[in-house]
Amino acid sequence: MHIVLQLIPKKYLIGGTLILLGLSGLLIMSTIVAITGEFESDSQQSEVTEIEGGGIGVGTANVSPEVMKYQPLLEKYAQKHGLDASYVPIMMALMMQESGGRGNDPMQSSESFCGSVGCISSPELSVDKGVLHFKSVLEKAHYDLKLCLQSYNFGGGFINYVMKNGGKYTPELAISFSQLQYQKVKHTGNYHCVRPEMVPYSACYGDALYVNAVLKYYTGTITADGKPAAPASGGSGGKSGVKVIDAGKTLIGKTRYVFGGGRSQSDINAGRFDCSSFVRWAFEQVGMNVGPMSGVTTDTLKTQGQAINPKDMKPGDVVFFNTYKIDGHVGIYVGNNQFLGCQGKTGVAIASMAKGTYFGERFNGRVKRF
């Protein structure tokens with residue numbers, strides 16, 4: 001080998017070495033770009049399964065970060081058990097009321113699973129069995145969502161009671177059922193009113209006001225078929241969508257992309273944003289709260305608003321892209337196959353999502369109207 005090297009002119013050896021070094025550098029750089037390009041801030045790095053039909057998150061779950069982290073599991077088990085994904089925000093609100101997302105049984109599904117408290121010690125098993133139980137109760141309640149929620153608290157006996165007394169949930173039926181059941185069990189000494197306002201009624205079995213307690217964590221309406229729906233008024237499409245775009249455009253050329261940026265006022269004042277914090281900021285400028293400044297991510301944004309068919313997109317709708325993960329990037333549609341977003345190389349700017357472009361090839365069809 002040494003003899004062969006001696007026979008090769010030195011200038012060729014040097015040139016070959018430089019070429020190899022150059023190729024190695026390009027390989028390293030391309031790897032770095034592939035890993036860091038279009039990163040988006042998110043505390044949950046696992047991918048979420050796409051769910052066809054229904055649309056994820058019709059309506060808005062206003063819950064804590066502890067509950068929000070369970071959204072991917074709720075979507076996963078909604079798909080597994082054949083439950084329309086539009087119920088995911090409602091189940092997030094339910095979890096918020098049950099546990100605030102804390103503990104090993106965040107959906108408090110032990111009793112429905114094995115008949116006793118404390119038999120579930122795995123949060124994922126809790127979600128699995130909780131979603132299955134929610135679907136079962138929903139079906140037995142004939143898709144009366146409020147009846148489903150109250151029965152999640154009272155148990156299946158409440159559905160039978162309602163069916164014998166008009167067939168539809170009312171707050172009055174919830175109170176009267178609680179009164180009747182309490183009379184049967186108060187001698188045990190194990191039941192006490194969880195709400196002081198129920199003491200005068202002796203309605204101390206379960207939580208007779210459970211429906212309102214859950215729905216205070218949910219913004220939206222409920223349709224006649226029992227499905228959650230987005231608020232009927234407002235929306236980011238149309239005139240308000242143009243206002244969002246106009247607000248966002250004021251940051252063009254004045255920002256830089258920082259992974260995890262935009263989650264404090266000092267970041268915002270300095271023009272440091274990532275894609276989801278920019279979208280949150282733009283909607284805030286027109287009086288729409290789509291999540292807390294400190295906790296916004298692409299995964300929290302996709303639970304907001306109403307699912308829209310991509311064919312029906314309007315300026316102001318929010319669009320999602322599969323970059324480093326499913327829904328890894330987000331922006332605001334401005335029309336003509338373009339969107340406004342905070343991108344890694346440009347900061348806040350208008351980018352193309354036409355076929356054949358970087359974002360056009362990564363647009364995943366998820367469109368939400370806030």
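**Hairpin, helix and loop**

Mentor: Strands β10 (residues 338–343) and β11 (residues 347–352) run antiparallel and are joined by 6 bridges. Strands pair if DSSP finds at least two bridges between them, and helices (H or I, at least four residues) and strands (E, at least two) are DSSP runs, numbered from the N terminus.
Trainee: How many residues sit between β10 and β11?
Mentor: 3 residues, and the two strands form a hairpin.
Trainee: And which residue is the bridge partner of F339 in β11?
Mentor: A351 in β11 is the partner of F339.
Trainee: Before we move on, where do these values come from?
Mentor: This is a predicted model, where local features need pLDDT of at least 70, side-chain atom pairs count only at pLDDT 80 or more, and totals for chains, interfaces and linings use all residues. Residues are numbered from 1 along each chain as its sequence is written, and side-chain values use heavy atoms, leaving out hydrogens and water.
Trainee: New topic: how many residues of α4 are buried?
Mentor: 7 of the 10 residues in α4 (residues 71–80) are buried, meaning under 20% relative accessible area with a 1.4 Å probe, protein chains only; exposed is over 50%, and partly exposed is in between. Among the buried ones are L73, L74 and Y77.
Trainee: What covers them?
Mentor: The cover includes α3 (65–68), α5 (88–98), α7 (123–140) and α15 (298–301).
Trainee: What follows α4?
Mentor: G82, with a positive phi near 70°.
Trainee: Where does G156 lie?
Mentor: In the loop between α8 (145–154) and α9 (157–163). G156 is partly exposed, at 49% relative accessible area.

How values were computed:
Contact means heavy atoms within 4.5 Å.
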